[in-house]
Amino acid sequence: MSRPLPVASTAQARRYARDLIRRYPALFRATICLHVAAAVAGLAGPRLLGDLVQGVHDGVPMSALDRLALAIAGFVLVQAVLIRFAHLASARLGERVLARLREEFITRVLALPLSRVEAAGTGDLLTRATRDVDALSKCVRFAVPETLIAMITLCLVVGALILVSPVFAVPLLIGVPIMVAGTRWYLRHAPAGYLRQNAAYSDVTEGLTETVESARTVEALGRQRQRIGRTDVDLRRSWRAERYTLRLRTIWWPVIEISYVVPMVLTLLAGGWLYLHGRVTLGAFTAAVIYVQQLVDPLDRLVGWLDELEVGAAALARLLGVTADPVPPGSDVSRPQDNRIVVRDVRFAYEPGREVLHGVDLALEPGERLAVVGISGAGKSTLGRLLAGVHRPTSGSVTVGGVPLAALPPDRLRTEVALVTQEHHVFIGTLRDNVAMVRPAAQEGEIRAALTAVQALTWVDALPNGLDTLVGSGGYLLSPAQAQQVALARLVIADPHTLVLDEATAMLDPRAARDLERSLAAVVSGRTVVAIAHRLFSAHDADRVAVMADGRIVELGSHDELVAAGGAYARLWNSWQGSGSSGPGSGSSGPGGATKKARPEGAPFP
């Protein structure tokens with residue numbers, strides 16, 4: 001059961017948005033000034049047009065009318081130029097704000113403990129990193145500046161209307177309450193609705209991702225109908241969430257339309273009556289009608305983009321919520337005294353009340369090679385991930401050199417312990433960047449030495465541009481074995497003293513696996529190694545073997561000692577040999593029919 005990442009509160013999102021804008025005060029002020037200037041230039045047109053109509057009515061000379069027409073054209077031209085530069089300034093401000101926000105989001109994500117990311121599931125984080133970022137991008141680039149322009153224009157047009165005659169502002173007093181009431185109703189219901197909509201979309205993404213990634217398992221177990229049912233439930237929930245927000249819009253938008261159509265009609269009726277009774281001039285009446293008409297466009301934009309602002313606010317709250325969970329601070333003061341790893345009375349549960357490990361004690365000596373064996377579900381991989389610092393124990397401690405692994409910052413932790421699994425990642429960029437990403441300051445000689453150590457330099461030099469060849473999506477396609485060699489070269493650069501191996505070659509074809517095991521031998525040489533052994537010949541070659549059952553270490557000793565003891569390990573070993581597998585020492589004499597052979601220096605342990 002996934003545990004979605006939290007969502008920031010509305011107050012947190014607003015505070016962050018204000019702080020983000022304040023980081024660019026000069027550009028923000030320039031943007032506001034340009035929009036104000038453009039709006040002021042636009043206000044001159046209706047007033048001059050009213051004077052032109054009044055002049056025609058009064059029979060003023062044609063030269064005066066021509067000057068008024070030229071003035072109107074001049075202000076229109078000035079307004080167009082100012083609008084262009086105002087939009088450019090808005091776009092520049094929006095892009096800088098968006099770039100900063102994206103950088104901070106990536107920083108927040110990378111600071112999350114891996115266990116928290118796994119608990120949230122891929123769908124939640126993926127949706128926040130794609131759909132929510134896209135929604136916020138649209139909001140910052142378009143909704144924020146357009147809303148800003150609309151609000152400035154509204155204020156200036158209302159001010160100009162009052163200057164023409166305060167009487168013409170009276171109809172606005174009827175439309176404003178309708179608009180305010182409708183908008184307050186919408187804003188009271190919309191935030192929660194859009195958060196539910198985004199969360200439902202995360203569930204859809206999560207379900208589809210799980211189904212696609214585990215398609216072979218789903219087919220093998222005949223769980224197609226179950227997965228289809230899960231998708232149908234998620235889609236129905238998403239449909240209901242989107243229908244709710246759509247219903248809000250279908251109520252709110254007509255109310256807003258009424259709120260600014262009513263003042264227009266009342267201005268025409270009241271202005272016509274006042275003009276007929278000699279209370280206002282024809283020019284003032286014309287200018288007032290045009291000003292009221294000008295209110296429609298900013299109101300339309302405000303209404304249209306306010307909905308997008310709500311979507312953006314929900315997206316921002318979800319992005320900020322990535323780090324809403326308190327993360328235990330790392331310590332850069334305490335440094336491990338040595339490379340000894342000690343597990344003391346460790347208990348661990350993925351879900352409260354359902355422990356997976358029960359009081360595990362273990363001490364790893366520097367340079368030791370330990371195999372962890374047991375039946376599926378015994379807790380082997382969970383223990384390995386605790387030893388690698390991926391998970392934090394529910395109780396008890398895992399220390400390296402006397403310092404808790406949980407107290408080490410991520411960059412320090414990965415120089416102490418590293419986890420090697422079947423999964424490998426090739427990032428978009430050069431091969432050089434992919435290898436050196438654990439230590440960007442690494443020199444080319446160090447990078448080539450690392451590739452040589454894992455027997456990858458030959459094929460790297462054969463690439464079109466060598467280390468500068470672009471790999472990843474859209475670049476040169478690496479085979480799974482090559483990608484795993486790149487991952488191993490990263491380990492050589494990181495130089496951790498302890499490696500936790502969880503079947504790093506299990507998903508490769510046998511020939512590629514044999515080649516990769518030779519690469520792996522160079523990485524494990526001289527390091528403490530913990531191998532999660534699913535094939536018992538790995539255990540046969542280990543210095544010690546830890547046998548796990550029901551979340552506990554039930555036996556611990558060398559291969560020969562455990563076989564001689566005739567306990568759980570001896571039964572596993574005899575069963576594995578009896579299945580037709582031929583493991584090292586299968587024909588040797590000794591207790592249990594197997595005697596440990598000496599491992600050649602540098603031979604691959606896993």
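The model is predicted: local features need pLDDT of at least 70, side-chain atom pairs count only at pLDDT 80 or more, and totals for chains, interfaces and linings use all residues. Residues are numbered from 1 along each chain as its sequence is written, and side-chain values use heavy atoms, with hydrogens and water left out.

Start with the whole chain. It holds 19 helices and 12 strands. Helices (H or I, at least four residues) and strands (E, at least two) are DSSP runs, numbered from the N terminus. Of the 606 residues, 46% are buried. Buried means under 20% relative accessible area, exposed means over 50%, and partly exposed lies in between, with a 1.4 Å probe and protein chains only. A contact here means heavy atoms within 4.5 Å. Take the contacts between residues at least 6 apart in sequence: 78% of them join residues at least 24 apart.

Now the helices. Two packed helices are described by the angle between their axes and the distance between the axes. Helix α3 spans residues 62–111, and helix α9 spans residues 282–320. Their axes come within 10 Å and cross at roughly 35 degrees. Axes are lines fitted to C-alpha atoms, for helices over the stretch in contact, and angles run from 0 to 180 degrees between N-to-C directions. On the α3 side, the contact is made by Leu 101, Phe 105 and Arg 108. On the α9 side, Leu 316, Leu 319 and Leu 320 take part. By class, this contact has five nonpolar, no polar and one charged residues. For these classes, Ala, Val, Leu, Ile, Met, Phe, Trp, Tyr, Cys and Pro count as nonpolar, Asp, Glu, Lys and Arg as charged, and the others, Gly among them, as polar.

Helix α3 also carries Ser 90. This serine is buried because its relative accessible area is 6%. Leaving aside neighbours within four places in sequence, Ser 90 is in contact with Thr 31, His 35 and Pro 145. Leu 34 is 56 residues from Ser 90 in sequence, yet the two are 9.5 Å apart in space, C-alpha to C-alpha.

A polar atom of the Ser 259 side chain lies 2.5 Å from the backbone oxygen of Ile 256. That is a polar contact: a pair of N or O atoms within 3.5 Å, where within protein one must be able to donate a hydrogen and the other to accept it, and residues adjacent in sequence count only if both atoms are side-chain atoms. Not counting residues up to four places away in sequence, Ser 259 touches Gly 175, Ile 178 and Met 179.

Next, the strands. Two strands pair if DSSP finds at least two bridges between them. Four strands form an open sheet in the order β2-β1-β4-β5, with antiparallel pairing. Strands β2 (354–364) and β5 (403–404) are the edges, and each pairs on one side only. Strand β1, residues 341–351, joins β2 through seven bridges. Within this pair, Glu 351 has Arg 354 of β2 as its bridge partner. The hairpin of β1 and β2 has two residues between the strands, and Gly 353 takes a positive phi near 85 degrees there. At the other end of the strand order, two bridges join β4 (residues 395–400) to β5. Thr 399 is partnered by Pro 404 in β5.

Strands β11 (residues 544–549) and β12 (residues 552–557) pair in the antiparallel sense over five bridges. Val 545 stands opposite Gly 557 in β12. This hairpin too has two residues between its strands, and Asp 550 takes a positive phi near 55 degrees.

Most residues other than glycine have a negative phi, and most peptide bonds are trans. Two loop residues deserve a look here. Gln 455 is not a glycine but has a positive phi of about 60 degrees. Gln 455 lies in the loop between α13 (444–453) and α14 (457–461), and is partly exposed at 45% relative accessible area. Asp 495 also has a positive phi, of about 55 degrees. Asp 495 lies in the loop between α15 (480–494) and β9 (498–501). At 48% relative accessibility, Asp 495 counts as partly exposed.

Last, the cysteines. The structure holds zero disulfides, a disulfide being a pair of cysteine sulfur atoms within 2.5 Å. Cys 33 is exposed at 53% relative accessibility. Cys 155 is exposed as well, with a relative accessible area of 57%.
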